[in-house]
Amino acid sequence: MRGTPPQMTTTRAVLATALALGVVAGAAVLPAGATASAVPVRSVSAPERSSTTALEDAIAGLPTADATAALVRVGGTEGVWRGVSGVHDLRTRRPADPAARFRAGSVTKVFTAAVALQLAAEGRIDLDRTARSYLPDLIPASYGRVTVRQLLNHTHGIPAADLPGDTVEEWYADRFRIHRPEDMVRSATAKKREFRPGTAQHYLNIGYTIAGLVIERVTGDSYEHQVARRVLRPLGLRDTSFPGTDPRIAGPHNHGYQRMRLDDGTTGLRDVSVWGATDGWAAGDLISTTADLERFTRALFAGRVVRGPLLEEMFTLPKVKDATSGAPAAYSAGLSMKRLGGREVWGKTGGRWGYNTAVAATRDGSRTLVYSVNSTDAKGQDMNGVAMNLMIAAFGKP
């Protein structure tokens, strides 16, 4: 059942993770070597000095050609650090707002997985039951063996939905198109499967689009309201919401920019803060703040969001290989794992045009990291340099 969404609504290669895939007033070009005043970084109870210095260095000098702002929160028993750098926008060049909202991209998947696992704990979703058994009118027989667990850990073998456009300029021109999740599922499942379910892993949005629809079917409620009722309200995440069909970021936000070809034929930065996110939906349309995401991360890792044995689904990697690289699977239900600084770091990155986001933590919560980086190529193949340096500064090298 679909309800009306409420309006509450190389190191680089090792670190880079697949990311989830606003009316603007002209375009802005960042002059070479431009600098701006910024909210100074501050250390509350610092981690070791070398780590603090690396964190400060990671966001120093913004805006640059790669990023216009960065908001960072490091926490846990090892120390607390807050950092803000860059500008609110390139026109006024005001300092970046540390409490700004931003598009969290695929970090949305962590919330979706958490709700699905809560419903599994209640016996309303069976992770080993097929998606088709919940959505017989939508999932064809050719994908009849795909289970809910496989949707959540990207081992389902369903290809991506077709979306119009091949270049950032074409996607920008089409930024207000509204995509219905059911249509995206039909587009994806009309194609041949990538591999037999459960035999490989391929990170894509489509599994979480289907998971969002399963949540709606078993609850008789909208996906957005279920996340709000089960996660946002209990944790007091007052600045986290879903945009629905509204292409704007409601509330205070630092502007996002994307490098692209401009109307005069030159290449520069265009303000992309207003851009519809219906193609992401349960896989990538969340809007949040670093404070809210830090609170969510602490609660999740402490077992206060998903309780009991089902939490381990988020920290268990399937024993298969990545379908593209052949490397061991790196994604669990909602999270991914990388070994940094000699220890396992679990979390999720996200990217929407103008915004890169991450939540990450050690399993015991001794070190947590949340950042929002206003990347000028947030959907690029390589991880943004500022974001990469923040991850290394917080946790160490691979």
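Analyst: First, a term: buried means under 20% relative accessible area, exposed means over 50%, and partly exposed lies in between, using a 1.4 Å probe and protein chains only. By that cut-off H154 counts as buried, because its relative accessibility is 2%. Keep in mind that this is a predicted model, where local features need pLDDT of at least 70, side-chain atom pairs count only at pLDDT 80 or more, and totals for chains, interfaces and linings use all residues. Residues are numbered from 1 along each chain as its sequence is written, and side-chain values use heavy atoms, with hydrogens and water left out.

Back to H154: its phi is positive, about 65°, although H154 is not a glycine. You'll find H154 in the loop between helix 5 (148-152) and helix 6 (168-173); helices here are DSSP runs of H or I with at least four residues, strands are E runs of at least two, and both are numbered from the N terminus.

W281 is another non-glycine with a positive phi, near 40°. That residue sits in the loop between strand 8 (267-271) and strand 9 (286-288). With 5% relative accessibility, W281 counts as buried too.

Then there's a glycine: G123 follows helix 3 and has a positive phi, near 80°. Helix 3 itself, residues 108-121, is mostly covered, with 13 of its 14 residues buried.

Last up is a peptide bond: the one from L62 to P63 is cis, with omega near 10°. P63 lies in the loop between helix 2 (49-58) and strand 3 (67-75).
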